[in-house]
Amino acid sequence: MFSKITENHHLAAALFAVITAVYSGSLLLGSLAYAVVMAGFLAHYSGRLPIVVARIRSWYIARQGTPTNFKKYDIIMGYDENGRPQLENLQSLGHSFVVATTGFGKTVWYQGMLHWLIETHTPEELQIYISDAKKVSFPIWSRIPHLAAPIAVTKDETDRMIDMLLAEMERRTALFNLYSSARLCDNIQKYYEITGDKLPRIMVIFDEKTDAIESDSDTDKKLITLAKLSRSYGFNIFVGTQRPSAKSVNGELISQLVTKVAGYMPSAREYGVVTQLPKEIYSRMTPTPGRFMVYTPGRQWRFLQSRMVPDSELEKRAARVSRGHTRPRWGIPVAPRKNALAETMKLSGTMAEKMAVVQAWANTLDVKPSIQQIADRYGVSRPTAKGWKGRLK
Ligand SMILES: Nc1ncnc2c1ncn2[C@@H]1O[C@H](COP(=O)(O)OP(=O)(O)O)[C@@H](O)[C@H]1O
Ligand SMILES: [Mg+2]
């Protein structure tokens, strides 16, 4: 009966007129009439109530979801129970372990992070490497200018990607060594203070590490080396897996992955023994996609809901940021495409120190660099470049 009345605007208006009239006679009767009419409205709209609440909630999260007070290299780890974004800084995260059974939100977590980072950081500030063994999740990002290598979709390509990262780490070691006899130059911030050159931070994502790297293979060993040594060179490695206890995830590697982002997994062993989660935390875990237990250095374990960006919004942003850019290709130098350092880099130090830098760069290339490439890159004359080329191994 009430639903019919509420559908009819004239009747609704008449009802309110009656309520007003009754109110003017008696407060009690007026309130009663009002309560009856409201009950009718609620009965009519109750089916839609959850939708309305969900809309208000998602509007609230979207509004809160874009922090304005973020610093460089902040990422959104997720939202707390009040929908407030929780920021963490890549510079203090170290490497991260992202675990959850298939279907509980690892890839969505990565996508949300990429969506945020490519908007707030230039390719000179942040370079991104991705290993995507599933081949289907990340192609939308394949032309963003932040990529220093193509997205690696096979085991061979993942191996190649790790080689590039090791070479870049060596190159940075050589750069630090140019200064480290006089100054303490052991991380990228110090290097920047001394030289004024900003090396881009490097983020490496292994969406499903277990599918991309054979256990105990050479690639696996190289990844462990990289994880052990690369932190102070500005690297953040994210290793994702659905089964942390599988033999394929080496204990030595896990010990380097200090930040933990752990979603639902059916076995307590995966939580406790392998991911080193305290029982009082994982006993409160529920099988909810996007719900993660998060640990970051210096803070307590906490529950966060991940940032889920709708596909259409991911596509839109990827397309906009990619505009005018082509896919990177294998074998093109790792140096960022627009970095001043890459255009000309004045080398100082002894001949041996200079050659260490040039050699580290040459190691990243498929073929020996040409005399002209050397001359352009280091701002030296062709005869000097020729001499250097002759010394390259
Ligand atoms: N933060 C979230 N909020 C709501 N649903 C989510 C969230 N994260 C993931 N999901 C749901 O879980 C599904 C699987 O997520 P996905 O990231 O592909 O899992 P995984 O990579 O771990 O296999 C998504 O398609 C989505 O429906
Ligand atoms: Mg996935």
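Which residues of strand β7 are buried on one side, and which on the other? Keep that strand in mind while we look at the whole. This is a predicted model.

Start with the overall picture. The protein has 393 residues, and buried residues make up 34% of them. Its secondary structure comes to 18 helices and 9 strands. Now take the contacts between residues at least 6 apart in sequence. Of these, 67% join residues at least 24 apart.

Back to strand β7, which spans residues 259-262. T259 and V261 are buried on one side. K260 and A262 are buried on the other. Both faces of the strand are therefore covered.

Strand β7 also has partners. Strand β3, residues 96-99, runs parallel to β7, and 4 bridges join the two. Find V99, and its bridge partner in β7 is A262. Strand β8, residues 291-295, runs antiparallel to β7, with 3 bridges between them. Here V261 has V294 of β8 as its bridge partner.

Strand β1 covers residues 74-79 and strand β2 covers residues 85-89. They run antiparallel and are joined by 5 bridges. D74 stands opposite N89 of β2. Between the two strands of this hairpin lie 5 residues. In the hairpin, G83 takes a positive phi near 80°.

Next, the nonpolar interior. The largest nonpolar core has 82 residues. A262, already met in strand β7, is one of the residues with the most contacts inside this core. Others in that group include Y129, I130 and L165. Helix α7, residues 155-179, gives the most to the core, with 9 residues. Why does the core lie between domain 2 and domain 3? Domain 2 (65-322) and domain 3 (344-391) both give residues to it, so it lies between them.

Zoom in on Y129. Leave aside its neighbours within four places in sequence. Y129 is then in contact with A148, A149, M161, L165, I202 and V204. Two of these contacts, L165 and V204, are themselves listed with Y129 among the core residues with the most contacts.

Finally, turn to ligand 1. How many residues surround it? There are 13, and the closest are G105, K106, T107, P289 and G290. Helix α6, residues 106-120, supplies the largest share of this shell, with 3 residues. By type, the shell divides into 5 nonpolar, 7 polar and 1 charged.

Definitions and conventions. Residues are numbered from 1 along each chain as its sequence is written. Chains are lettered from A and ligands numbered from 1 in the order in which they are written. This is a predicted model: local features need pLDDT of at least 70, side-chain atom pairs count only at pLDDT 80 or more; totals for chains, interfaces and linings use all residues. A residue is near a molecule or strand if its C-beta atom, placed from the backbone, lies within 6 Å of it. Ala, Val, Leu, Ile, Met, Phe, Trp, Tyr, Cys and Pro count as nonpolar, Asp, Glu, Lys and Arg as charged, and the others, Gly among them, as polar. A residue is buried if 20 or more other C-beta atoms lie within 10 Å of its own, exposed if 12 or fewer, and partly exposed in between; C-beta atoms are placed from the backbone. Two residues are in contact if their C-beta atoms, placed from the backbone, lie within 7 Å. Two strands pair if DSSP finds at least two bridges between them. A nonpolar core is a set of buried Ala, Val, Leu, Ile, Met, Phe, Trp, Tyr and Cys residues joined through C-beta atoms within 7 Å. Domain bounds come from an automatic or database domain assignment.
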